[in-house]
Amino acid sequence: MTATLPLVAEIGPGELAGCAAELLALGHRVALVAAHVEDDGFRLVYLFTAARPARRAELHVRLTEPAVPSLAALSFPAGRFEREIRDLYGITPEDHPLPSRLVRHHHWPRGWYPMLPDAGPPPSFGDPEGPYPFGDVEGDGVYEIPVGPVHAGCIEPGHFRFSVVGETILKLKARLWFVHKGLEQLFEGRRPEDGLALAERVSGDTSVGHALAYCLAVEEATGTAVDPDSQRARAVLLELERLYNHVTDLGALCNDVAHSVLQAHCGTVRERLLRVNAEVTGHRLLRGAIRLGGAEPLALPDNARLAALGTEVAEIVGLALGHGVVSDRFTGTAVLTERAAADLGTLGYVARASGLDVDARRDHPFIDLGPFPVAIRSGGDVLARFQVRADEIAASIGLIERLAHTSGDWSLPDGRRGSGVGIVEGWRGTIVHRVELGEDGRLAKVKIADPSFFNWPALPVALGGAIVPDFPLVNKSFNLSYAGNDL
Amino acid sequence: MVLQVLVVAAGAPLLAGLMRQVRARLEGRAGAGVRQPWRDLRKLARKERIAPHGTGYLFRAAPPLLAGTTLVVAAAVPLVTAASPLDGVADLFAVAALLALGSVALALGGLDTGTAFGGMGASREMTVLALVEPTILLAVFALSIRVGTTDLGAIVTETASSPLSVISPVSLLAAVALAVVTIAESGRIPVDNPSTHLELTMIHEAMILEYAGPDLALIEWASAMRLTVMLGLFTGLFAPAGIATAGAGPIMLLVAVVAFALKVALLGGVLAAGEVFMAKLRLFRVPELLAGSFLMALLAVAASFFLA
């Protein structure tokens with residue numbers, strides 16, 4: 001099979017909204033928006049993707065002034081990318097319906113944009129905007145619960161503000177962006193092979209997903225061919241990552257309803273999967289096996305062992321859903337409707353649990369996996385997200401077995417293109433990387449879009465009307481990355 | 001009676017440790033050992049006392065008040081011996097009131113911190129308490145009708161002299177009701193999860209989040225004692241075999257202590273083992289569970305009139 005090459009159009013700011021509307025009407029979604037700093041201003045790259053058949057389109061918009069017409073009215077994710085770019089580069093989205101800050105916390109100095117090349121070291125943080133205001137919710141008996149960013153468990157930092165009446169959540173404001181690392185900037189100027197280690201560490205639990213998306217993007221940019229065996233090994237690694245993370249989540253969901261035995265069992269399955277990972281790659285979290293232009297696994301996983309683990313997981317899932325209290329806690333909790341999931345542009349198991357038929361393994365394949373069941377549930381509740389994970393575990397084990405016996409062919413158009421895109425269905429959802437190389441072959445710009453960036457806004461929407469003690473359970477059912485969201 | 005208080009005071013953390021150990025083993029973990037709660041208490045007791053800014057005497061007073069009321073209850077309830085010098089004043093109503101006083105003190109302490117979690121935990125604890133207290137009263141009241149007095153010692157002595165009288169609809173209904181409220185009162189699964197770190201789901205733990213050092217040690221100790229007393233009361237009412245009655249000699253007392261320890265440890269072990277296979281109820285389902293147990297206590301009272 002052959003990679004699809006993007007349609008690239010250089011347009012002016014005035015044409016942007018019209019072109020974007022046309023692409024969205026053709027079934028595209030906004031996969032990422034990247035800001036490039038050029039000598040004479042900015043260049044914004046809007047990447048659109050569409051499935052069945054796989055299509056890509058890039059709109060390049062040159063700006064001499066730091067302002068661009070907003071696409072927020074057309075696409076919710078585009079509006080979020082615009083706010084991110086405004087906070088990091090100072091490019092104002094004009095007529096944005098929700099122009100509040102996204103990345104920039106209140107103590108960041110005004111007018112300091114960290115991603116600009118001349119930003120320099122961070123100036124001393126002060127209190128230029130005053131304290132972060134609680135969103136006002138008025139009414140009898142409404143009170144507020146602030147939680148985090150430092151939590152009692154070993155989890156990433158997020159600050160949540162609940163407006164509650166009784167125990168019912170009226171409004172949740174998730175304040176993230178505590179872990180801004182300037183990661184995309186760290187890529188700039190490196191040689192592509194030196195960027196791989198960074199890509200593996202975008203989000204600790206998604207090393208394969210991000211490393212693979214990065215490699216695919218660089219390979220497209222440099223015109224590097226990859227042999228079919230390596231592509232197959234990459235697909236196996238991707239499924240192994242999905243397996244151990246999904247098993248962890250199933251256990252954690254059981255633990256959040258205080259069913260500790262099921263969690264303990266998931267823990268043992270996870271440990272055995274991690275040992276399989278160590279045998280396959282030499283690293284329990286699968287690092288180091290994917291490299292530019294190929295993959296170097298030490299061995300392929302033992303299918304019989306994986307099948308046995310799959311049976312065990314199926315048994316655990318059966319026990320969990322057969323338990324009256326557990327299934328009562330899961331069923332109908334925090335429903336994300338299909339309409340909301342589609343409008344917000346959600347990805348991965350969150351989207352599939354709300355009935356959206358999206359899976360980049362089928363929609364944007366880097367290897368032909370053949371027909372496989374895309375796990376779709378229509379409930380949109382915690383139960384559906386639990387079941388989608390359970391279904392995907394079974395499907396992944398089937399795929400790994402099939403990959404051991406198939407031979408795929410894969411070809412890329414030769415020749416250096418200078419820019420490339422990698423699309424991978426990581427365990428959380430669709431990961432997109434876009435790289436541009438400079439004249440000297442070094443990385444000029446890397447833009448990373450983790451599925452968490454798309455899925456975070458869905459959490460408060462799903463929680464409307466849920467009760468406070470269910471929040472940890474719901475949050476775990478989404479299990480979004482903070483590090484992948486805030487780069 | 002002094003012996004009984006000492007046994008409860010020293011044994012309660014061991015019971016907590018035993019229950020944790022049972023859970024750990026059933027989950028395939030090694031566990032920290034039965035004596036771990038005592039080690040934790042020693043560690044906490046050595047720390048300095050600190051209180052959050054803006055808290056007043058209520059915050060300070062809650063832990064001693066909780067521990068104090070629990071110790072008085074431990075003296076008044078027939079656990080090792082059915083003969084208590086407090087018999088004249090400490091009947092069923094006094095015991096239930098003392099338990100409630102301790103809970104209310106802790107809830108006020110939680111509210112005094114002014115944090116969202118303290119208030120949230122206190123509100124949830126009061127919701128549970130409002131359903132637990134009447135159930136305890138009614139369940140034991142149903143048993144007292146047969147004896148004609150609300151004096152707990154007399155009820156237990158009467159049951160000990162005729163053990164077969166336990167097998168009656170009244171006793172069974174009361175036993176189930178009391179078992180459910182014992183679990184709720186001591187903040188265990190499926191009502192509350194004592195081992196969670198998820199602050200938003202907590203009931204009991206949310207109230208005491210701001211406590212540290214010796215204050216926390218006092219609360220942990222008192223909580224373990226409350227669980228012991230509740231389990232002890234349960235065994236005393238329904239399986240009083242071995243309990244010492246008035247005028248028992250030292251050997252009888254020793255036998256009674258051993259019997260009490262065995263019974264409570266067994267019951268605690270069963271409770272912990274049962275917890276392993278249970279999940280926590282949605283908070284809004286907890287009142288349904290407790291209302292059910294209240295209904296059973298009410299039926300026990302009604303049955304005791306009709307069947308008497």
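## A three-stranded sheet in chain A

Three strands of chain A form an open sheet in the order β7-β8-β9, and their pairing is antiparallel. β7 (142–147) and β9 (168–175) of chain A are the edge strands with a single partner each, so one side of each has no neighbour in the sheet. From one strand to the next, the twist averages 20°. The model described here is predicted.

Strand β8 (residues 159–165) of chain A is joined to β9(A) by 7 bridges, and the two run antiparallel. One of the paired positions is Phe160(A), whose bridge partner in β9(A) is Ala174(A).

## A four-stranded sheet in chain A

A second open sheet has 4 strands in the order β1-β4-β3-β2 (chain A), with mixed pairing. Its edge strands are β1 (7–11) and β2 of chain A, each of which pairs on one side only. Neighbouring strands of this sheet are turned by 20° against each other on average, direction ignored.

Within this sheet, β2(A) and β3(A) run antiparallel and are joined by 9 bridges. Glu38(A) has Gly41(A) in β3(A) as its bridge partner. In general, the side chains of a regular strand alternate between the two faces of the sheet.

Two helices lie across strands of this sheet. Helix α1 (residues 13–25) of chain A lies across β1, β3 and β4 (55–63) of chain A, and runs at about 165° to β4(A). Helix α2(A) lies across β2 and β3 of chain A, and runs at about 20° to β2(A).

## The hairpin of β13 and β14

Strand β13 (residues 430–437) of chain A pairs with β14(A) over 6 bridges in the antiparallel sense. In this pairing, His433(A) stands opposite Ile448(A) in β14(A). The hairpin has 5 residues between the strands, and Gly441(A) takes a positive phi near 80° there.

Is strand β14 (residues 443–449) of chain A buried or exposed? Of its 7 residues, 6 are buried, so β14(A) is largely enclosed by the rest of the structure.

## Two domains of chain A

Chain A is divided into domain 1 (7–94) and domain 2 (188–464). The C-alpha centres of these two domains of chain A lie 26 Å apart. Where they meet, 16 residues of domain 1 of chain A are in contact with 14 residues of domain 2 of chain A.

On the side of domain 1 of chain A that touches domain 2 of chain A, β2 (29–38), β3 (41–50) and α2 (76–89) of chain A each supply at least two residues. The largest share of that side, 5 residues, comes from β2(A). By class, the residues of that side are 9 nonpolar, 3 polar and 4 charged.

## The largest nonpolar core

The largest nonpolar core has 234 residues, and those that touch the most other members are Leu237(A), Ala139(B), Ala142(B), Ala174(B), Ala177(B), Ala297(B) and Ala300(B). Domain 1 (7–94) and domain 2 (188–464) of chain A each give at least three residues to this core.

Which residues does Ala177(B) touch, not counting residues up to four places away in sequence? They are Thr135(B), Ala139(B), Ser293(B), Met296(B), Ala297(B) and Ala300(B).

## Where chains A and B touch

The contact takes 25 residues from chain A and 23 residues from chain B. The side of chain B that touches chain A has 14 nonpolar, 5 polar and 4 charged residues.

## A tryptophan in chain B

Trp38(B) has its place in helix α2 (residues 36–46) of chain B. With 18 other C-beta atoms within 10 Å, Trp38(B) is partly exposed. Trp38(B) and Ala217(B) are 179 residues apart in sequence, but 9.6 Å apart in space, C-alpha to C-alpha.

## Backbone exceptions

Most residues other than glycine have a negative phi, and most peptide bonds are trans. The loop between β3 and β4 of chain A holds Arg52(A) and Pro53(A). A cis peptide bond joins Arg52(A) and Pro53(A), with omega about -5°. The phi of Arg52(A) is positive, near 50°. Arg52(A) is exposed, with 9 other C-beta atoms within 10 Å.

Asp95(A), in the loop between β6 (92–94) and β7 of chain A, has a positive phi near 60°. With 10 other C-beta atoms within 10 Å, Asp95(A) is exposed. In chain B, a cis peptide bond joins Ile189(B) and Pro190(B), with omega about 10°. Pro190(B) lies in the loop between α7 (169–185) and α8 (204–207) of chain B.

How values were computed. Residues are numbered from 1 along each chain as its sequence is written. Chains are lettered from A and ligands numbered from 1 in the order in which they are written. This is a predicted model: local features need pLDDT of at least 70, side-chain atom pairs count only at pLDDT 80 or more; totals for chains, interfaces and linings use all residues. A nonpolar core is a set of buried Ala, Val, Leu, Ile, Met, Phe, Trp, Tyr and Cys residues joined through C-beta atoms within 7 Å. A residue is buried if 20 or more other C-beta atoms lie within 10 Å of its own, exposed if 12 or fewer, and partly exposed in between; C-beta atoms are placed from the backbone. Domain bounds come from an automatic or database domain assignment. Two residues are in contact if their C-beta atoms, placed from the backbone, lie within 7 Å. Ala, Val, Leu, Ile, Met, Phe, Trp, Tyr, Cys and Pro count as nonpolar, Asp, Glu, Lys and Arg as charged, and the others, Gly among them, as polar. Two strands pair if DSSP finds at least two bridges between them. Axes are lines fitted to C-alpha atoms, for helices over the stretch in contact, and angles run from 0 to 180 degrees between N-to-C directions.
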